[in-house]
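Try each task before reading its solution.

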Amino acid sequence: MRVIAKDAHQIDPKSVHSSAVSIVSQLKKAGFDAYVVGGAVRDLMLGGHPKDFDVATNATPEQVRGIFRSARIIGRRFQIVHVRQGREIIEVTTFRGHHESDDAKPTTSKQSDKGLLLRDNVYGTLEEDAARRDLTVNAMYYDPDTESVLDQMNGADDIAARLVRIIGDPATRYREDPVRMLRVVRFSAKLQFDIETQTEYAIETCAPLLGEIPAARLFDESLKLFMAGYARSTFLLLLHHKLFQYLFPEPTPLIETQERYKALVSLAMSSTDKRVRDNRPVTPAFLLAAILWPAAQDRSNALIRQGDAPTQAMNSAGQQVAAAACLHTAIPKRFSIPMREIWELQPKLERRQPKRVKELLANRRFRAAYDLLLLREQSGEKLDGTGAFWTEQQTLFPELVGSAPVKDDKPARNRRPRRRRNP
Ligand code: ATP
Ligand code: MG
């Protein structure tokens with residue numbers, strides 16, 4: 001195996017999180033092997049600041065739990081251990097092994113007839129673990145003691161060449177876990193790396209396999225794709241590889257409006273990216289409202305043609321479009337409800353009824369609804385100066401904007417995003 005000595009890579013040991021270093025050292029003291037692994041090593045090699053640190057070890061989840069009082073075993077399909085150190089949670093995973101091995105029992109490993117990995121709890125060596133990871137650049141192991149990097153899959157070469165390359169035979173790896181295609185695109189957009197030819201080529205034939213992924217996992221993955229500050233470039237790349245349609249199949253509007261649709265979603269994504277860069281709060285509800293807007297609008301127009309009043313039409317359309325979208329990407333209620341509220345405000349903003357102005361300004365979704373309205377105009381919808389009208393109203397009554405009391409809102413609990421791990 002290739003070992004990159006400390007003076008041959010860029011990792012500054014001070015950038016490695018002390019909690020991760022401490023967990024590695026405690027595992028070693030107990031007689032196990034342990035390394036910092038995955039995205040953290042990749043980002044450190046690139047001179048960046050990893051957002052989280054993962055540890056890989058040859059200790060089993062039970063053994064890890066025996067060492068750390070704060071450890072909790074998570075997951076079934078792919079067991080991992082969360083070890084809490086102060087406010088940090090470090091994910092500790094046990095080296096994964098080959099599924100074909102003799103000791104692979106049905107309780108630890110399971111594969112569907114199409115090759116999809118249903119369970120992945122066969123443990124193995126570091127070498128086997130590296131081969132089971134998704135990308136070469138995600139399969140490097142850093143030893144905080146020697147400061148060297150173990151690079152079984154030549155990830156360092158791909159970092160230097162700026163290439164996203166899947167480990168092993170691309171089609172087989174996509175069949176095992178089709179979400180890897182989304183990960184390839186995500187890292188290509190985030191790192192601004194090209195996709196290696198074979199890695200890219202297999203996506204075309206394997207893309208339909210994404211239809212078999214549970215909607216809840218696709219939602220989790222969508223958050224990673226679109227809420228991390230690289231939404232726009234990720235979106236364009238997903239469109240290019242015809243993967244976006246597996247996340248959101250509904251809004252495939254007529255060909256002639258497709259460019260407008262692309263523009264609308266790109267603009268929404270750019271604005272989300274900018275907010276992430278500026279450390280301002282972002283909600284998936286706004287992005288989802290933009291992504292599914294054409295579907296909601298088409299549906300609402302159809303209902304209006306059948307005689308519904310605009311407000312009622314948008315209300316029913318919102319319900320139907322959200323329900324249909326959830327079959328593919330399971331949007332939790334805490335996002336689909338505000339998404340629908342943003343839609344329901346659109347016809348009301350378009351009407352500009354003088355006696356409703358203050359009430360609409362005060363609506364707690366006004367800002368988001370107004371932002372969507374502006375994006376609709378910017379992407380080419382003709383709304384007869386509605387945006388400018390509401391821009392002016394806000395300057396007239398700035399204190400009113402979003403001032404209405406929040407109804408029925410439970411106090412925001414301290415929700416940590418769930419981290420779901422996959423084979
Ligand atoms: P991020 O910066 O988004 O956290 P990451 O590389 O750390 O990137 P995670 O989703 O946190 O990504 O996963 C941690 C590591 O687990 C990856 O680096 C990769 O080695 C491995 N991994 C994650 N998902 C898969 C998968 N679907 N198939 C194979 N290996 C995976
Ligand atoms: Mg990570």
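Before we start, one cut-off: a residue is called buried when its relative accessible area is under 20%, exposed when that value is over 50%, and partly exposed in between. Keep in mind too that this is a predicted model.

**Exercise 1. Get an overview**

Task: Find how many helices and strands the chain has, and what share of its residues is buried.

Solution: 
- Start with the secondary structure: there are 19 helices and 12 strands in the chain.
- Next, look at burial. Of the 423 residues in the chain, 48% are buried.
- Finally, check how contacts span the sequence. Taking contacts between residues at least 6 apart, 70% join residues at least 24 apart.

**Exercise 2. A covered helix and its partner**

Task: Work out how many residues of α13 are buried, then describe how α13 packs with α18.

Solution: 
- Go along α13 (284-291) and apply the cut-off from above: 8 of its 8 residues are buried.
- Reading them off gives P284, A285, F286, L287, L288, A289, A290 and I291.
- Look at the start of the helix. A side-chain oxygen of T283 comes to within 2.9 Å of the backbone nitrogen of A285.
- Now bring in the partner. Two packed helices are described by the angle between their axes and the distance between the axes.
- For α13 and α18 (residues 366-378), the angle is about 35° and the axes are 11 Å apart.
- The handedness of this crossing is right-handed.
- To see who does the touching, pick out F286, A289 and A290 on the α13 side; they meet A368, D371, L372 and L375 of α18.

**Exercise 3. E196 and its surroundings**

Task: Is E196 buried or exposed, and what does its side chain reach?

Solution: 
- Check its cover. E196 has a relative accessible area of 12%, so it counts as buried.
- Follow the side chain of E196 to the backbone nitrogen of Q198, at 3.1 Å.
- The side chain of E196 also has a polar contact with the side chain of T199, at 2.5 Å.
- Leave out residues up to four places away in sequence, and E196 touches L163, V164 and R165.

**Exercise 4. Cysteines and disulfides**

Task: How many disulfides are there, and how accessible are C206 and C326?

Solution: 
- Recall that a disulfide is a covalent bond between the sulfur atoms of two cysteines.
- Counting pairs of cysteine sulfur atoms within 2.5 Å gives 0 disulfides.
- C206 has a relative accessible area of 4%, so it is buried.
- C326, with 25% relative accessibility, is partly exposed.

**Exercise 5. Apart in sequence, but how far in space?**

Task: What are the C-alpha distances for the pairs A324 and P249, and A295 and A325?

Solution: 
- Find A324 in α15 (residues 310-326); at 29% relative accessibility, A324 is partly exposed.
- A324 and P249 are 75 residues apart in sequence, with their C-alpha atoms 9.3 Å apart.
- Move to A295 in α14 (residues 293-305), which is buried at 13%.
- A295 and A325 are separated by 30 residues in sequence and by 9.7 Å from C-alpha to C-alpha.

**Exercise 6. The contacts of R173**

Task: Which residues is R173 in contact with, leaving aside its neighbours within four places in sequence?

Solution: 
- Locate R173 in α6 (residues 170-176).
- Its relative accessible area is 5%, so R173 is buried.
- List the contacts of R173: A131, R132, R133, D134, I166, I167, G168 and R180, with neighbours within four places in sequence left aside.

How values were computed:
Residues are numbered from 1 along each chain as its sequence is written. Chains are lettered from A and ligands numbered from 1 in the order in which they are written. This is a predicted model: local features need pLDDT of at least 70, side-chain atom pairs count only at pLDDT 80 or more; totals for chains, interfaces and linings use all residues. Side-chain values use heavy atoms; hydrogens and water are left out. Buried means under 20% relative accessible area, exposed over 50%, partly exposed in between (1.4 Å probe, protein chains only). A polar contact is a pair of N or O atoms within 3.5 Å; within protein, one must be able to donate a hydrogen and the other to accept it, and residues adjacent in sequence count only if both atoms are side-chain atoms. Contact means heavy atoms within 4.5 Å. Helices (H or I, at least four residues) and strands (E, at least two) are DSSP runs, numbered from the N terminus. Axes are lines fitted to C-alpha atoms, for helices over the stretch in contact, and angles run from 0 to 180 degrees between N-to-C directions. A crossing is left-handed if the near helix is turned anticlockwise from the far one by less than a right angle, and right-handed if clockwise.
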